[in-house]
Amino acid sequence: MLSLSGKDLRAMRREMQIIFQDPYASLNPRMRVRDIVGEPLIVHGVGEKGGRRERVAELLTKVGLDPDYMNRYPHEFSGGQRQRIGIARALALNPKLIVADEPVSALDVSVQAQVVNLLEDLQSEFNLTYFFISHGLAVVEHISDRVAVMYLGRIVEIASAADLYASPLHPYTRALLSAIPVPDPTRKRERIVLHGDVPTPINPPSGCRFHTRCPEAIPECSQIDPDLREVAPGHSVACIRVPGWAEAETKG
């Protein structure tokens with residue numbers, strides 16, 4: 001993609017859209033909904049004026065909004081409704097990939113479930129691929145097929161959602177999963193508490209970036225910067241303490 005420019009890059013952009021994190025900041029307050037959702041169609045020269053209006057009405061219906069709302073401004077909607085407008089805009093060009101950047105983190109918990117369910121319904125209907133970015137691991141488990149865990153700008157573990165949540169291998173992944181609330185007051189989960197501050201990515205620690213906070217760190221961790229290696233079918237991890245990591249290095 002970095003080699004593309006001009007018409008080729010514009011054509012590629014039609015295949016990729018984004019849903020932003022903040023539904024309040026991602027919509028132009030001076031534009032009506034019909035113009036916000038219809039703008040991608042105008043930019044890429046899709047359809048005529050009358051057809052675009054029909055397309056906007058169709059998209060609003062798809063995301064659960066009344067088509068009559070197209071003449072309103074963003075400030076007339078709730079946070080959940082604004083995010084639905086953002087989703088409708090992302091769908092306007094029938095993309096193949098949608099980057100969902102924390103799409104529910106700014107919403108109330110009751111609204112989050114509605115938006116996540118909407119995203120799943122749209123994925124099935126339009127055969128979409130989501131690149132879903134989130135700190136909410138419970139939401140990630142619900143919506144994702146494959147999960148990559150990042151720490152300080154590096155992927156430390158990647159696996160199918162089923163494997164990662166059932167058998168997390170990296171110490172950071174295990175700490176994250178231990179923080180997920182259990183919706184049962186009679187059950188207790190052993191919490192893994194990480195100590196110390198997160199280092200700056202401008203000047204990361206030597207060796208493994210997580211070793212300064214890792215409860216399982218050994219001296220070698222401060223010297224070896226582990227690569228991401230497959231230690232089980234479809235399951236890769238960057239940690240020298242994980243069984244099979246050295247063998248994966250030999251095979252690689």
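## Helix 2 and D35

D35 is a residue of helix 2 in this predicted model. D35 is partly exposed because its relative accessible area is 33%, a value that lies between the 20% limit for buried residues and the 50% limit for exposed ones. From D35 to R146 the distance is 35 Å in space, taken C-alpha to C-alpha, and the two residues are 111 positions apart in sequence.

Helix 2 spans residues 33–43, and its buried residues are V33, I36, V37, G38, P40 and L41. The cover over these buried residues includes helix 3 (49–62) and helix 4 (79–91). After helix 2 comes G45, which has a positive phi, near 65°.

## A nonpolar surface patch

On the surface, a nonpolar patch is formed by M150, I155 and L228. Together these three residues have about 250 Å² of accessible area.

L228 belongs to the loop that runs between helix 8 (171–178) and strand 6 (229–232). With a relative accessible area of 38%, L228 is partly exposed.

## The largest pocket

Empty space can be found by rolling a probe the size of a water molecule over the atoms. The largest pocket holds about 770 Å³ of space. Its lining consists of 25 residues, and those closest to the centre of the pocket are F132, I133, S134, V147 and A148.

Several elements contribute to this lining. Strand 3 (129–133), strand 4 (146–151) and strand 5 (154–160) each supply at least two residues, as do helix 6 (137–143) and helix 8.

Key:
Residues are numbered from 1 along each chain as its sequence is written. This is a predicted model: local features need pLDDT of at least 70, side-chain atom pairs count only at pLDDT 80 or more; totals for chains, interfaces and linings use all residues. Side-chain values use heavy atoms; hydrogens and water are left out. Buried means under 20% relative accessible area, exposed over 50%, partly exposed in between (1.4 Å probe, protein chains only). Helices (H or I, at least four residues) and strands (E, at least two) are DSSP runs, numbered from the N terminus. Contact means heavy atoms within 4.5 Å. Patches are made of residues with over 30% relative accessible area and no salt bridge: like charges are joined within 9 Å, nonpolar side chains (Val, Leu, Ile, Met, Phe, Trp, Tyr) within 5 Å. Accessible areas come from the Shrake-Rupley method with a 1.4 Å probe; for residues, only the protein chains shown count as cover. A salt bridge is a side-chain nitrogen of Lys or Arg within 4 Å of a carboxyl oxygen of Asp or Glu. On a 1 Å grid over the protein atoms alone, a cavity is a set of points where a 1.4 Å probe fits but cannot get out, and a pocket is an open set with protein on both sides within 12 Å along at least five of seven lines; lining residues have an atom within 4 Å of a point. Grid points are joined across faces, edges and corners, and a volume is the space filled by probe spheres set on the points.
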